[in-house]
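I opened this notebook to record what I looked up in one structure. The entries follow the order in which I consulted it.

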Amino acid sequence: MLLRHEYVRKGKNPPGAHLQVHAHRDELAYLLRLAERKQSSPSGKSGRGKPPRISEIRFPVGGHRFRPGLEDVLLLLEREFAIDVEPGWRKIIEAETGKWRQSRLRAAVRDAPDVAAAVLRDLGYAVDPPQGDGLPAPRSSGMDSRLYWP
């Protein structure tokens, strides 16, 4: 086994959805070299001229909406690498993770409002479509992008 995507419904350790890499770097490098040959030109040359690097592998972790947050990385560092943490750190991380997940859910609902409305109706909520052309007005995220981009 080289790698696996896992989902564990209950528990915090390991995290619910995660990627686990089993392979040694030599095994992955060998497969990358095979893939490079397969993708090379008819002459057999790939044009890269350098050995494949594991750092060039892009592992999917949830796409645009459901990508991990910074808090997930901090939890990884504590869990897997036993970094030093301050007292009460986990409570802060869990609160921020909750905020992140809710922001992702809001974004996903904006992507598919009909699906969200159908789920709410299935749960017994009364949901009426918006008046007019059926499209909600664009909403600001409330975040100042200058805080994150120069």
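I began with terms: helices (H or I, at least four residues) and strands (E, at least two) are DSSP runs, numbered from the N terminus. I also noted that this is a predicted model, in which local features need pLDDT of at least 70 and side-chain atom pairs count only at pLDDT 80 or more, while totals for chains, interfaces and linings use all residues. Residues are numbered from 1 along each chain as its sequence is written, and side-chain values use heavy atoms, with hydrogens and water left out.

Entry 1, salt bridges. I took a salt bridge to be a side-chain nitrogen of Lys or Arg within 4 Å of a carboxyl oxygen of Asp or Glu. By this rule I found eight salt bridges. I looked up Glu36 and found that it pairs with Arg33, with 2.7 Å between the closest N and O atoms. The two residues are three residues apart in helix α1, so about one helical turn separates them. For accessibility I used three classes: buried is under 20% relative accessible area, exposed is over 50%, and partly exposed is in between (1.4 Å probe, protein chains only). Glu36 is buried, at 9% relative accessibility, whereas Arg33 is partly exposed, at 29%.

I then turned to helix α3, where Glu96 and Lys99 lie three residues apart, about one turn of the helix. Glu96 forms a salt bridge with Lys99, and their closest N and O atoms are 3.0 Å apart.

Which parts does the salt bridge of Arg101 and Asp72 tie together? The closest N and O atoms of Arg101 and Asp72 are 3.0 Å apart. Arg101 lies in helix α3 and Asp72 in helix α2, so the bridge ties together parts that are 29 residues apart in sequence. Arg101 is partly exposed, with a relative accessible area of 43%.

I next examined how these helices meet. Two packed helices are described by the angle between their axes and the distance between the axes. The axes of α2 and α3 come within 9 Å and cross at roughly 145°; axes are lines fitted to C-alpha atoms, for helices over the stretch in contact, and angles run from 0 to 180 degrees between N-to-C directions. In the contact (heavy atoms within 4.5 Å), α2 contributes Glu71, Asp72, Leu74, Leu75 and Glu78, and α3 contributes Trp89, Arg90, Ile93, Glu96, Thr97, Trp100 and Arg101.

I also looked up Glu94, which lies in helix α3. Glu94 is partly exposed, at 35% relative accessibility. Its C-alpha atom is 8.0 Å from that of Glu71, 23 residues apart along the chain.

I located Ile83 in the loop between α2 (70-81) and α3 (89-111). Ile83 is partly exposed, with a relative accessible area of 36%.

I located His22 in the loop between β2 (17-21) and α1 (25-38). His22 is partly exposed, with a relative accessible area of 36%. Which residues does His22 contact, leaving aside its neighbours within four places in sequence? I recorded Met1, Leu2, Leu3 and Arg4. His22 and Arg4 are 18 residues apart in sequence and 7.9 Å apart in space, C-alpha to C-alpha.
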